[in-house]
Each structure stands twice: as structure tokens, then as C-alpha cells.
Amino acid sequence: MGKLDGRVVIVTGAARGQGEQEARLFTAEGARVVVADVLDDRGEALAKEIGAKYVHLDVGREDDWQAAVAAAKDAYGHVDGLVNNAGILRFNTLLDTPLDEFMQVVRVNQVGCFLGVKSVAPEMSDGGTIVNTASYTGLTGMAAVGAYAASKHAVVGLTRVAALELAGRGYASTPSAPAPSTPRCPTRPASTRRPTWTRRRRGSTGCTASSCRWGGSGSRRRWRGSRCSSPRRTRRTSPGSRS
Ligand SMILES: NC(=O)c1ccc[n+]([C@@H]2O[C@H](COP(=O)([O-])OP(=O)(O)OC[C@H]3O[C@@H](n4cnc5c(N)ncnc54)[C@H](O)[C@@H]3O)[C@@H](O)[C@H]2O)c1
């Protein structure tokens with residue numbers, strides 16, 4: 001029996017990279033996954049391979065979100081989870097960053113997360129989970145990634161607010177409590193990695209963790225309150241992983 005049996009999860013930016021690995025892992029754990037991306041050929045091929053559903057979703061477009069949620073419900077009947085994974089990175093010093101580039105990064109990383117929460121949370125089963133993919137640079141500074149770091153700081157703030165605003169939803173014990181997550185480039189084969197889902201207790205306040213992290217093969221689903229205010233919370237990274 002998988003850890004995510006029966007769950008329906010939308011993963012954005014799932015055609016490649018971390019999103020692809022998340023889609024593969026969730027499927028292996030029994031979830032029904034909606035692979036969402038703008039890379040249609042690649043996304044469709046992945047969905048076909050793992051038995052998921054592909055939807056074209058530009059995370060910066062509200063109408064795309066509405067269509068994606070409708071497609072997910074049409075295919076699987078309900079939605080239990082969202083991984084706001086889609087993100088882009090541009091390297092430039094602040095003084096050399098064109099406004100267009102800054103806005104492009106904000107549109108995907110920040111507005112995309114906002115629209116994801118806004119579009120999916122109302123449709124989600126109570127007790128569902130939203131993971132907003134932030135970054136180490138969402139908690140500290142790093143030269144030459146100003147637009148990216150600003151957008152990821154915004155993701156952390158958005159997630160904190162979402163955790164508070166959505167904490168009242170959900171059944172008896174534990175409603176969803178979204179928090180940023182930084183699943184880095186996996187260095188081990190997918191077959192040896194497992195997700196660790198953590199949630200904050202109902203009614204508690206503050207920033208929370210409902211994040212999908214790659215723990216060891218012995219890790220298991222557990223409920224615990226946890227804060228994400230410290231950068232240490234996100235330092236489950238592999239050597240050489242970027243931003
Ligand atoms: N790779 C890392 O080390 C690292 C570290 C920290 C955080 N992150 C974050 O993790 C997430 C995934 O990173 P990755 O390295 O796998 O990136 P990637 O570039 O390999 O994949 C990103 C995916 O997002 C998709 N995408 C881009 N713009 C989109 C849009 N407008 N709508 C929908 N999909 C869109 C791309 O097509 C691609 O499939 C990002 O949010 C990134 O900021 C990555």
C-alpha cells in the first residue's frame with residue numbers, strides 16, 4: 001500500500017526536473033497525478049509513461065488554472081494536493097536586471113504560486129496539502145539572483161499567510177498547513193527516495209510545514225508541528241545543489 005493511495009495531486013512544472021521526480025514518486029506511492037506544464041510534448045510523454053493525466057498549464061494564467069482544476073476533477077473526481085513547483089531562475093545583478101526579466105520571474109515563481117493556491121484550495125478536499133516550492137534564497141540573500149530571491153521570499157510569505165488562512169479548514173484532527181519546501185536535485189535513484197509529509201496541528205499558528213521532503217528510505221508519514229522560519233529547516237540538500 002502506497003503512502004498516497006487515493007490522493008489526487010496536481011504538480012506544476014512537472015514535465016522535467018524536480019517536478020518530474022515528484023510526479024514519478026507520487027505515482028509510485030499510489031497517488032493519481034496531474035502533470036501540469038507548458039512543455040506539452042515532454043509532459044504528455046511523462047504522463048503516458050507513468051499513467052498520469054497531462055494538462056497544459058501556464059501558472060501565470062488564471063484561466064489555465066481554472067481549466068487545469070476542472071480537468072483534474074473531471075479525470076479523478078476530486079483534488080487533494082497541489083505542488084506549486086514550476087519556477088524559473090535568471091542570473092543577473094540587480095543593477096543589470098531588465099524590468100522585463102524581473103517581472104518574468106515574479107510572474108512564474110510568485111504569481112504562479114498565488115494563482116495555484118487561489119485556484120486549487122477552494123476545490124480541494126478538506127485536509128488536503130499544498131506545497132509551495134521555495135528555495136534557500138527564499139530565506140537568505142545570494143548575489144546575482146535578485147529577482148529569483150525576491151520571488152522566493154514572496155513564496156515563503158505567501159505560504160505563511162496561506163497556512164494561517166487555510167488552517168481552519170479540514171476535518172477533525174489536522175487540516176492542511178502549507179509551507180515552503182525545497183526538494184533539491186535528487187542525487188539518489190528515485191526508487192530509494194520517499195516523501196516525508198509533515199503537517200502542523202490544527203488551530204496552531206505560525207508558519208507551518210506541510211512539505212514534501214525527500215527523506216531516507218526509512219522515513220514515514222508523520223504529523224508534527226514545525227516551523228520554517230529558520231534556514232536550517234530547508235537545508236536538506238545535496239552537495240552541489242543550486243539556489
Ligand atoms: N534545482 C534546484 O536545485 C532548486 C533549488 C531550490 C529550489 N528549486 C525550485 O524547484 C522548482 C523546480 O526546479 P527545477 O530545478 O526542477 O527546474 P526545471 O527548470 O528543471 O523545471 C522547471 C519546470 O517548470 C516549468 N515551467 C516554467 N515556466 C512555467 C510556467 N509559466 N507554467 C508552468 N510550468 C512552467 C518548466 O517547463 C519546467 O518543466 C523551481 O520552483 C525552483 O525554483 C530548485
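**From a loop residue to the helix packing**

A144 lies in the loop that runs between strand β5 (124-133) and helix α5, where helices (H or I, at least four residues) and strands (E, at least two) are DSSP runs numbered from the N terminus. This is a predicted model, in which local features need pLDDT of at least 70 and side-chain atom pairs count only at pLDDT 80 or more, while totals for chains, interfaces and linings use all residues. Residues are numbered from 1 along each chain as its sequence is written. The backbone of A144 has a phi near 75°, a positive value in a residue other than glycine. A144 counts as partly exposed because 14 other C-beta atoms lie within 10 Å; on this scale a residue is buried if 20 or more other C-beta atoms lie within 10 Å of its own, exposed if 12 or fewer, and partly exposed in between, with C-beta atoms placed from the backbone.

The overall plan can be read from the secondary structure, which comes to five helices and eight strands. Along the sequence these elements follow the pattern β-α-β-α-β-α-β-α-β-α-β-β-β. The protein has 243 residues, and 46% of them count as buried. Among its contacts with a separation of 6 or more, 66% are accounted for by residues 24 or more positions apart, a contact being a pair of residues whose C-beta atoms, placed from the backbone, lie within 7 Å.

In soluble globular proteins, nonpolar side chains tend to be buried together. Here the largest nonpolar core has 50 residues, and those with the most contacts inside it are I10, V11, V33, V34, V35, A36 and A68. Helix α5 gives the most to this core, with eight residues. Such a core is a set of buried Ala, Val, Leu, Ile, Met, Phe, Trp, Tyr and Cys residues joined through C-beta atoms within 7 Å.

The helices can be followed next. Two packed helices are described by the angle between their axes and the distance between the axes; the axes are lines fitted to C-alpha atoms, for helices over the stretch in contact, and angles run from 0 to 180 degrees between N-to-C directions. The axes of helix α4 (residues 99-120) and helix α5 (residues 146-166) come within 9 Å and cross at roughly 15°. That angle makes α4 roughly parallel to α5, since angles under 35 degrees count as roughly parallel, over 145 as roughly antiparallel, 65 to 115 as roughly perpendicular and the rest as oblique. On the α4 side the contact is made by residues including F102, V105, N109 and F114, and on the α5 side by residues including Y148, K152, V155 and L158. The residues of this contact divide into twelve nonpolar, three polar and two charged, where Ala, Val, Leu, Ile, Met, Phe, Trp, Tyr, Cys and Pro count as nonpolar, Asp, Glu, Lys and Arg as charged, and the others, Gly among them, as polar.

Helix α4 also packs against helix α3 (residues 62-76), at an angle of about 40° and with the axes 10 Å apart. These two helices are therefore oblique to each other, and the crossing of α3 and α4 is right-handed. In this pairing E62, W65, Q66 and V69 of α3 meet L115, G116, S119 and V120 of α4. The residues of the contact comprise four nonpolar, three polar and one charged.

Some single residues complete the tour. V59 is placed in the loop between β3 (53-56) and α3, and V59 is buried, with 27 other C-beta atoms within 10 Å. Not counting residues up to four places away in sequence, V59 touches T12, A86, V108, G112, L115 and G116; the C-alpha atoms of V59 and T12, which are 47 residues apart along the chain, are separated by 7.6 Å. A121, in the loop between α4 and β5, counts as partly exposed with 18 C-beta neighbours inside 10 Å. Beyond residues up to four places away in sequence, A121 touches I130 and L166, and A121 and L166 are 45 residues apart in sequence but 8.2 Å apart in space, C-alpha to C-alpha.

Conventions
Contact = placed C-beta atoms within 7 Å. Left-handed = near helix turned anticlockwise from the far one by under 90°.
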